[in-house]
Amino acid sequence: QDPVAGLLVSTGLPDGLVGQWHLDDSAGIYALDSSTYGFLGTLQNNPSWVTGKRGQALSFNGVNQYVNIPDNAALRPGTSQGWTMQVWFNATAGLNQNAHILSKRQEGGTYAKFAIAFCGDSSCITSGQRLAAHDRYYDDTKRYMVTPGSYADGLWHHAALVRNGTITTLYVDGLAQASATSASTPNINTADPLQIGNGNGALYFNGKIDEARVYNVARSSTQ
């Protein structure tokens, strides 16, 4: 384990990895994918390269900046019984309501999404900037999770959204903070892009993001 970043160091790529954006590119308009798939991300409206949790990261203005990764069937959760999104983020007070950190989201239609975001409910704004997650098809009653605590504190936090069978769990800093269970698995088969710092709409994140990853397996809290 890296003592600075708190990340597990491996000599090879983890099982089930389908996308890994270290955001260490330092310059230019592209975020390279270091998985075997090579899904190239394109920076939109010039987010800034800054010092990250480990190496470099991107800083977003919350107005129009994000990274766009075109759709591929390998990036769609579908009805898979195992799926994981994980990312490091650093946010402060004054976040946009419903700001998305890492998201595979359909705009309109069924609003299908698998996403890590900040809570968009008005109650979350008055009680602190709490983290939320979606494993959703049609409505928020199917696997919508909100953490009890606030994470807009200017510190780096690690978030992981894990679908494992009928249970979806949101982990923050290695601890389960919220979960939801449903009888059927939402079909997140949207052909819309995967985005870092946005949710395929005006759901822009203002803060820093580092080390975004997607897996087609359910990762454990120790991974």
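## Basis

The model is predicted: local features need pLDDT of at least 70, side-chain atom pairs count only at pLDDT 80 or more, and totals for chains, interfaces and linings use all residues. Residues are numbered from 1 along each chain as its sequence is written, and side-chain values use heavy atoms, with hydrogens and water left out.

## Asp33

Asp33 sits in the loop between strand E2 (30-31) and strand E3 (41-44). Strands here are DSSP runs of at least two residues, numbered from the N terminus. Asp33 is buried (under 20% relative accessible area, 1.4 Å probe, protein chains only). Asp33 has no salt bridge (a side-chain nitrogen of Lys or Arg within 4 Å of a carboxyl oxygen of Asp or Glu). Arg213, the nearest side chain of opposite charge, is 8.7 Å away.

The Asp33 side chain does reach backbone nitrogens. That of Phe39 is at 2.7 Å. That of Ser35 is at 2.9 Å. Leaving out residues up to four places away in sequence, Asp33 touches Val18, Gly19, Gln20, Trp21, Gly38 and Phe39 (heavy atoms within 4.5 Å).

## Strand E3

E3 pairs with E2 in the antiparallel sense, over two bridges (pairing needs at least two DSSP bridges). Tyr30 has Thr42 of E3 as its bridge partner. E3 is also joined to strand E6 (residues 66-69), antiparallel, by three bridges. There, Gln44 stands opposite Tyr66.

The faces of E3 divide as follows. Gly41 and Leu43 form the covered face. Thr42 and Gln44 form the uncovered one.

Technical notes:
Helices (H or I, at least four residues) and strands (E, at least two) are DSSP runs, numbered from the N terminus. Buried means under 20% relative accessible area, exposed over 50%, partly exposed in between (1.4 Å probe, protein chains only). Lys and Arg count as positive and Asp and Glu as negative; His and the chain ends are not counted. A polar contact is a pair of N or O atoms within 3.5 Å; within protein, one must be able to donate a hydrogen and the other to accept it, and residues adjacent in sequence count only if both atoms are side-chain atoms.
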